[in-house]
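Work through the exercises below with the sequence and the 3D view at hand. Try each task before reading its solution.

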Amino acid sequence: MEMSRIMKDSEKPSDQKGSLERDKGSSNSGTQKSRAYSNQESQGLSSREDRDDLVRSSSHTTSNKAQILAMPQFGLRDNLIKCELIKNEDIYTYLQNFSFFLGTYNVNGQTPKESLFPWLHCTSDPPDMYCVGFQELDLSKEAFFFNDTPKELEWTKAVSEALHPDAKYALVKLVRLVGIMLIFYVKNEHAAFISDVEAETVGTGIMGRMGNKGAVSIRFRFHNSDICVVNSHLAAHIEEYERRNQDYKDICSRLQFRQLDPNQPPLTIMKHDVILWIGDLNYRITELDVSNVKELISNKDFETLHNYDQLKRQIDEEAVFVGFVEGDIDFQPTYKYDTGSDLWDTSEKCRVPAWCDRILYRGKNIVQKHYQSHMALKTSDHKPVSSLLQIGIKKVNPDDYKRTFEEIVRNIDKMENECIPSVTLSKREFHFTDLKYMQHQAETLSLFNDGQVPCQFEFIQKPNESTYCKAWLTANPSKGFLANGGTVDIDFEVFVNRSTAPELNSGQEQIEDILVLHLERGKDYFISISGNYLPSCYGSSIHSLCQLKEPIQDMPQETLREMAEKSGDGNAENTEKPLDIPKELWMMVDHLFRSALKQEDIFQQPGLRSEFAVIRDCLDTGIPDSLPGSNHSVAEALLLFLDALPQPVVPFSFYQQCLESCSNASQCEKIISMLPQCHKNVFNYLAAFLRELLKNSASNRLDVNILATIFASLLLKSPRKQDFAEKRKTQEFFQHFLA
């Protein structure tokens, strides 16, 4: 079928968790914080429920050095004290070893069919902590699209029943994103010393949002050590190691935890004393065929086999997990088995065995006591893995702490009375050249404290402005504390996204800003930001793009500005016949029609960011003539294009009508017939293409529900925040056009 024919054809239960605390499905998930308990109060708690409540609500304990310092009402003085306490931590802390049990299990969408005792009770002594991670908890479409599954409760129950019987444990936190779940238990006697508990999630699926791949994480403070546990499920398929590397980097940059003090910047994964990383990392064994791999396994020559492991090679090249340690692998690969057996994959695909399931750690004073798989469990096509770590945790000596605190306060009193803060800036003008859509650029300002006292700095708002900088710019950190004689690097980061691109494309907004850096008790410094932005089809309107016969970067800025103004004027006359649909949209759909109708997991598996950049440049410059990149990258580029439209394919003014008519097919068709001509053409063109995809569902594994869920959210956008019922209605509306 020719593309001309396509053009012609175009004329998700209630919560029954009890005391279980849970965070689901949002990378912005919050954590409840309430009153602090003293050690004396905790000793009076007898029941498991009381222990659970204690851990979940604990904030600061009496042994916590930040107890009186992290509260928002304290300003510069207490930040000075906090900084000095951290610098002098070795004086008043000592190390004590605690045991951490880490477990990871990809359960392949199964329900618990056997006890987890062989996995979770494989140590003679009960661990002090359990961090248990699952992947592929539920593979159903309901879990994928609505992040709801009964299997969360089933697997949580299976875990709680299999913990070491010689100790009592309190559930600290549970966090889940679709099928990725992390559960954190602690021995009851340690509950009073757990504080600052936060949980966050990051999806790395299609468009960086879908949660079928990604990570969940829990961070907490134990005594005086900050610990972060990450459970991740990275991109699949043997050839996709670069995508796995990208997933890892995305998780590291996007997972951020709010601090108790709202004046402090968020904590990233790497800002913790100890990082524990578990999960189905999906790295495979390459350059060996399946028979060679199985022969090395049968000979237990795991050292030779490990040399062909993608993760080992990527770590050796410092592409991922820099600074992390993985213990020696002395067990056979944990993937892929026939479910219910210890037999290697006998399916038609006959996948090469691989160590997909891994445990790594980073930090000081960590000793690994074991690292092993558990062949006794046969529920899944993966085998679970466990590691027992002995970690030296920093504990506070109260007497030494008191003496150190008092000495610091005396010194600060003396300094405050003598000096005014001042800093030296490495430069005051920053220029960003040839900025592009969704392409990060950064410049660094070095701030040196040349004064006699520590200082507190912050970028402040200018008069009549609501934020300290334009929406396309961030300063990281935007506030902070600098010891005298110290230096801090501040990154000015520019990133143009769907919300800031439209005005930059049209020339109504320029890359220009002035930042005001304020020193508390000191003066203000002014910093100039400038640059040039290369206009893009991403963030341009359908109307404007249909007027463009040439690539957008070949057009004068004044022409683009005039087109943007006409785009907002429904009565403006066109001097020449516009294109039926934007040529950029046609290039992407035509590529997919010719190359990807039978592509497995199309529109469900993400592409590579590096390939998106090349695709974007091709669309914006016309060079080369045909689109580069994989089918998955082109598919994601198409979704990002639709997501960036300032006015969606179905304009905002039609949204309410669409909701009201969603159950009536003929009424839905009537609404589409009333759209502006170029919007109607795009809608019909995309619907015709998606119907062609559905004809090949046996190969590409798509169905009407998947496509309606993905595309309805892009074509029918709400002018305000969309609720769950509205999402269902938009999907119902769009399904009429996929039949």
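**Exercise 1.** In what order do the four strands of the open sheet stand, and with which pairing?

Solution. Keep in mind that this is a predicted model.
- Step 1. Read across the sheet: the order is S15-S17-S21-S19. The pairing is antiparallel.
- Step 2. Look at the edges. Strand S15 (423-425) and strand S19 (473-476) stand there, each with a single partner strand, so one side of each has no neighbour in the sheet.

**Exercise 2.** Over how many bridges do S19 and strand S21 pair, and in which sense?

Solution. 
- Step 1. Find S21 at residues 487-494.
- Step 2. S19 and S21 pair over four bridges, in the antiparallel sense.
- Step 3. Locate phenylalanine 492 in S21; alanine 475 stands opposite this residue.

**Exercise 3.** Which residues of helix H21 (residues 665-673) are buried, and what do they pack against?

Solution. 
- Step 1. Cys668, Ile671 and Ile672 are buried in H21.
- Step 2. These residues lie on the same side of H21, because they cover an arc of only 100 degrees around the axis.
- Step 3. Recall the helix rule: an α-helix has 3.6 residues a turn, so residues three or four places apart point the same way.
- Step 4. Now find the partners. The buried residues of H21 pack against helix H20 (655-660), helix H22 (677-694) and helix H25 (724-735).

**Exercise 4.** What lines the second largest pocket?

Solution. 
- Step 1. The volume of this pocket is about 1200 Å³.
- Step 2. Its lining holds 42 residues. Glu136, Lys213, Ala236, Asp601 and Arg701 lie nearest the centre.
- Step 3. Helix H7 (residues 141-146) gives the largest share of the lining, three residues.

Technical notes: Residues numbered from 1 in each chain as written. Predicted model: local features only at pLDDT ≥ 70, side-chain atom pairs only at ≥ 80, totals over all residues. Heavy atoms only, no water. Buried < 20%, exposed > 50% of the residue type's maximum accessible area, 1.4 Å probe, protein only. Helix = DSSP H or I, 4+ residues; strand = E, 2+ residues; numbered from the N terminus. Arc of directions from axis to C-beta. Contact = heavy atoms within 4.5 Å. Pairing = 2+ DSSP bridges. 1 Å grid on protein atoms, 1.4 Å probe; cavity = no way out; pocket = protein on both sides within 12 Å on 5 of 7 lines; lining within 4 Å. Points joined across faces, edges and corners; volume = space filled by probe spheres on them.
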